[in-house]
Amino acid sequence: MSDVSTTTPAAPAKFDTFADAATTFGDTLTTITGLDDWGPVLSDKDALIDVPFIITKWTFRDGDFGPYVAALVITKDDEKFVVTDGSTGIFVQLQALHAEGKSGGVFCPKGIRRSDYEVNGRAARTYYLAG
């Protein structure tokens, strides 16, 4: 794997101080934020049923129970949440969009839809992005 560095044409390749680098990049500086900076992890996806929202971006991760997606969502009421999902619903929908080259900017005018069903005699639930 090769090292990758990115500088603007006017930016020197080496800086002596943090302040020099911050000043040089100014408004073009990209800030990396954690999921906690966005908003709370949504504990109940039912809260987004029929609530219009936009997914600003998402990332795929490996969890204790397998892969899942973490999506940054902002509602029509300006509430921000992190929505996580590892099911055949939202996770698979965002995988399909990712395969098309998308990684954010998804409008869900009807929020989330819930599907209740049984598997081997047990109640199950899957959530889907609703349009």
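1. Phe 91 counts as buried, at 9% relative accessibility. Here buried means under 20% relative accessible area, exposed means over 50%, and partly exposed lies in between (1.4 Å probe, protein chains only). Phe 91 sits in helix 3.

2. Ground rules. This is a predicted model, in which local features need pLDDT of at least 70 and side-chain atom pairs count only at pLDDT 80 or more, while totals for chains, interfaces and linings use all residues. Residues are numbered from 1 along each chain as its sequence is written, and side-chain values use heavy atoms, with hydrogens and water left out.

3. Aromatic pairing. Rings of Phe, Tyr and Trp (its six-membered ring) pair if their centres lie within 6.5 Å; planes under 30 degrees apart count as stacked, over 60 as edge-to-face and the rest as tilted. Phe 60 and Phe 91 make it: edge-to-face, 5.8 Å centre to centre, with 85° between the planes. The pair links distant parts of the chain, with Phe 60 in strand 1 and Phe 91 in helix 3, 31 residues apart. Phe 60 is partly exposed, with a relative accessible area of 31%.

4. The sheet. Helices (H or I, at least four residues) and strands (E, at least two) are DSSP runs, numbered from the N terminus. Two strands pair if DSSP finds at least two bridges between them. Four strands form an open sheet in the order 3-2-1-4, with antiparallel pairing. Strand 3 (80-85) and strand 4 stand at the edges; each has a single partner strand, so one side of each is left without a neighbour in the sheet. From one strand to the next, the twist averages 40°. Axes are lines fitted to C-alpha atoms, for helices over the stretch in contact, and angles run from 0 to 180 degrees between N-to-C directions.

5. Strand 1 and its partners. Strand 1 (residues 53-63) and strand 2 (residues 66-75) run antiparallel, joined by ten bridges. They form a hairpin with two residues between them. On strand 4 (residues 106-108), strand 1 pairs in the antiparallel sense over three bridges. Phe 53 stands opposite Thr 75 in strand 2 and opposite Cys 108 in strand 4. Ile 55 has Val 106 as its bridge partner in strand 4.

6. Helix on sheet. Helix 3 (residues 90-99) packs on the sheet and touches strand 1, strand 2, strand 3 and strand 4. Contact means heavy atoms within 4.5 Å. The direction of helix 3 makes about 100° with that of strand 1.

7. Asp 85. This residue is in strand 3. Asp 85 is buried, with a relative accessible area of 5%. Its side chain makes a polar contact with the side chain of Lys 45 (2.9 Å). A polar contact is a pair of N or O atoms within 3.5 Å; within protein, one must be able to donate a hydrogen and the other to accept it, and residues adjacent in sequence count only if both atoms are side-chain atoms. A polar atom of the Asp 85 side chain also lies 3.0 Å from the backbone nitrogen of Phe 91. Not counting residues up to four places away in sequence, Asp 85 touches Lys 45, Tyr 68, Val 69, Ile 90 and Phe 91.

8. Backbone check. Most residues other than glycine have a negative phi. Asp 50 has a positive phi of about 65° although it is not a glycine. Asp 50 is in the loop between helix 2 (35-38) and strand 1, and is exposed at 59% relative accessible area. Asn 120, not a glycine, has a positive phi of about 50°.
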